[in-house]
Amino acid sequence: MLTIICITILAYWILGKDVKRLLAKVKNVDWRARFQKMMDKMRPYALKVGRTAARPLVQFYYVMADERTTLLDRVLIYAAILYTISPVSLLPAAVYKLLGVLDEGVAVVYVYRKVKDKITPEIKAKAESKLDEWFGIEYTLIEGR
């Protein structure tokens, strides 16, 4: 039920509708308990889509887990991550091709625009560390003269 409420809040927020009434339904959620479950679900998705595509979702995760994050931002991030990694979609890619992929993209872009200032260098470092754990460490080859 939480997932449906959060995705509804995300959709309403994208459409510019008032979400206060819906936010009241999730104000007492134990978000800490949700964080590890979220990361467990993200890993298989990340390994499937690759490091670059997974990076914003991992950054979102660390913003969501930050104690300074507002309830609205936490709900929007939670919904965007779940909607992106979930096999269920309002516009399934198997049926609607490119349009089916774009709806996840819209969710990520809207949430990114809302929380981009909260993606601090510390959060970027945590995200890169998690991606290194999943994909291995990236090396840059520096050629000598």
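Let's start at Phe35, which is buried, with a relative accessible area of 5%; buried here stands for under 20%, exposed for over 50% and partly exposed for what lies in between, using a 1.4 Å probe and protein chains only. The model is predicted, so local features need pLDDT of at least 70 and side-chain atom pairs pLDDT 80 or more, while totals for chains, interfaces and linings use all residues. Residues are numbered from 1 along each chain as its sequence is written, and side-chain values use heavy atoms, leaving out hydrogens and water.

Tyr61 is also counted as buried, at 8% relative accessibility. The structure holds four aromatic pairs, where rings of Phe, Tyr and Trp (its six-membered ring) pair if their centres lie within 6.5 Å, with planes under 30 degrees apart called stacked, over 60 edge-to-face and the rest tilted. One of them joins Trp31 and Tyr78 edge-to-face, at 5.3 Å centre to centre and 75 degrees between the planes. Because Trp31 belongs to helix α3 (residues 31–49) and Tyr78 to helix α5, this pair ties together parts 47 residues apart in sequence. Both Trp31 and Tyr78 are buried.

Back to Phe35: with Tyr61 it makes an edge-to-face pair, 6.3 Å centre to centre and 80 degrees between the planes. Phe35 is in α3 and Tyr61 in helix α4 (residues 51–65), so parts 26 residues apart in sequence are tied together. Phe35, Tyr61 and Tyr62 form one aromatic cluster.

What about α5 itself? Helices are DSSP runs (H or I, at least four residues), numbered from the N terminus. Of the 15 residues of α5, 14 are buried, so this helix is largely enclosed by the rest of the structure.

Conventions
Helices (H or I, at least four residues) and strands (E, at least two) are DSSP runs, numbered from the N terminus.
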